[in-house]
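I opened the model to look up its nonpolar packing and its aromatic rings. My notes follow in the order I took them.

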Amino acid sequence: MNRLATLITLLSWLAIPAASAPQLGHEEHQAAGPVPREILERPVVLRTGIGVLHEKVSTSSPEAQAFYDQGLAYLHSYVWIEAIRSFHQALRLDPNLAMAFLGLTDGYIGLQDVSTARAAFQRAYKLAARVSKREQTWINIRDRELDYLEDSNNADKYVAYRRSISEALKANPNDPWLWIQRGLADEGSPFTHGQVGGTDTIAFYRTAIALAPDNFAAHHYYAHTLENLGRTKEALEESATYLRLAPAIPHAHHMHGHELMRAGRPEEAIAEFLKAKTLEEDYYRTENIPSRYDWHHAHNLVLLAMCYQSLGQMKSAEAAFREAFVVPGYTDFLDFNRKAWPEFLLERGRYNEALDASNELSKSPWPLARLAGYTLAGQALLAMGRSDEAQDQLSLAERETEHLPANFVASSPFPSILRADILLREKRTEEAEPLFHELVKMTVARPGPDAWSAARFELESLAHRARRLDDWNLSESIAREMIQHDPMYAGGYYALGLAFEHAGRSSEAREQFLFAKRFWSKADKDLPEFHHIQDGVLAHR
């Protein structure tokens, strides 16, 4: 399975539908997902700066049309709560607005609440006879999409979903929304919603942009496609267009931060992540909505923390990682991502704290988060010399893999990373080193900006553990991979300098330390690595 297909499989599997919800009418519409019904059904006002999208729908109420368009704008920026509120507001003004029920369907899919999405869809379906032929086409497309979503292992249903869009395009080839939907469908899962596009989605989004140059949704999804393909310069341009068209949307700033980070402009990226954070916090305060209901909040904090970490600003990184960790995840994927905090603690040598955080993760209701928790707890225990307990954690982690898809387990570093550590600790080098090298390949192969950023520190951790377990050749090899992965990250040069220093290659060590010193020029003044670099440079003059 290629790396993009692996990611799609992971995201599809992680998007676990919420518990079954009753099929009720709009006035009693029950939210069975992670966000309370009271929040999702609060009245909302029309807003500016969120991007302008328009799709003519069957309603005699200009206000209902306006709130429908607002819901559409929020929907295509992943602001699920406000999209759903806006569609509900449109339905207050026109209870027979079928497309607003269809918008709710998409919003609840975004919240990974499939049963409530189906309930909303049924209301749209009952109104199908009253709407235009174009809207009936969209009801048919969404029906096929839900059919596939409810039975995602059924290839025939996936084919039927894509065919429904292709047939609509034959009749309406100049409709940009159909081209966008065709791109979304090509990802293989409705849950990924534009985030994992690849080579095959380029033409669909470019066609949509050609037909509607100011459609920010097309620019948004095209930027994701480009970043997944490593086309950073083009992705940076597309994300800038998205941000220009939707400046009040946190994700637009966050997305531009992605690309700035990948382009080697971390300080500018930090400014965008901070802007996203400020917009979010203003929204939570103004609307009285707890941040835990917004999936984007912790995600943005983790990327912000990684930017600080890349600059050697560990105090700021720690604050952001810690803040993200305390936000409970309401899906397996969100809870799994809380692993960033214990990973950071492990890399900083704070093993007792890492163990505590990992043990908390191990109590998750979801197997993937527990898998990460047991693996990281084992690594902390191994670093503290508690090998028997580390082996126990490995056994628990391996047991969790029984609850996960085989293709995910084959492409995941968990629990293999702990197994490799234990083998190296036991001096079983011939078994450990190939496993380490496989982990390196797996780490750098993952697509997307988040994975690319995280890979720097995951490789750094592998090199660190190889040094700690006295395999300096392995550590040197991983350090070279770090530099190849990101030539502007100081940690790679530092790790290579340590390997040269250990081998007695003083002049080469000094050269690498000087590179590290340059890229850590904005680091915390008490960064331990920086002090070692200073001492090493002076010693090797």
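Which residues have the most contacts inside the largest nonpolar core? I found F321, L462, I478 and W520, in a core of 92 residues. A nonpolar core here is a set of buried Ala, Val, Leu, Ile, Met, Phe, Trp, Tyr and Cys residues joined through side-chain atoms within 4.5 Å. Buried means under 20% relative accessible area, exposed over 50%, and partly exposed in between, with a 1.4 Å probe and protein chains only. Helix α20 (residues 367-383) gives the most to this core, eleven residues. Helices are DSSP runs of H or I, at least four residues long, numbered from the N terminus.

Source notes: this is a predicted model, where local features need pLDDT of at least 70 and side-chain atom pairs count only at pLDDT 80 or more, while totals for chains, interfaces and linings use all residues. Residues are numbered from 1 along each chain as its sequence is written, and side-chain values use heavy atoms, with hydrogens and water left out.

I then listed the contacts of L462, a contact being heavy atoms within 4.5 Å. Leaving out residues up to four places away in sequence, L462 touches I417, F436, L439, V440 and I478. Another core, of 85 residues, lies apart from the largest one; Y68, F87, L149 and L178 are among its members.

Next I looked up I84, in helix α4 (residues 80-93). I84 counts as buried because its relative accessibility is 0%. Beyond four places in sequence, I84 touches L40, L104, G107, Y108 and L111. I also checked I84 against G71: they are 13 residues apart along the chain, and their C-alpha atoms are separated by 6.7 Å.

How many aromatic pairs does a search of the whole structure find? The search gave 19. Rings of Phe, Tyr and Trp (its six-membered ring) pair if their centres lie within 6.5 Å; planes under 30 degrees apart count as stacked, over 60 as edge-to-face and the rest as tilted. Y283 and Y284 form a tilted pair, 5.7 Å centre to centre with 55° between the planes. Y283 is buried because its relative accessible area is 18%, and Y284 is buried because its value is 9%.

F321 and F344 are also a tilted pair, at 5.1 Å and 35°. This pair links helix α16 (residues 314-325), which holds F321, to helix α18 (residues 340-347), which holds F344, 23 residues apart. Both F321 and F344 are buried.

Terms used: Helices (H or I, at least four residues) and strands (E, at least two) are DSSP runs, numbered from the N terminus.
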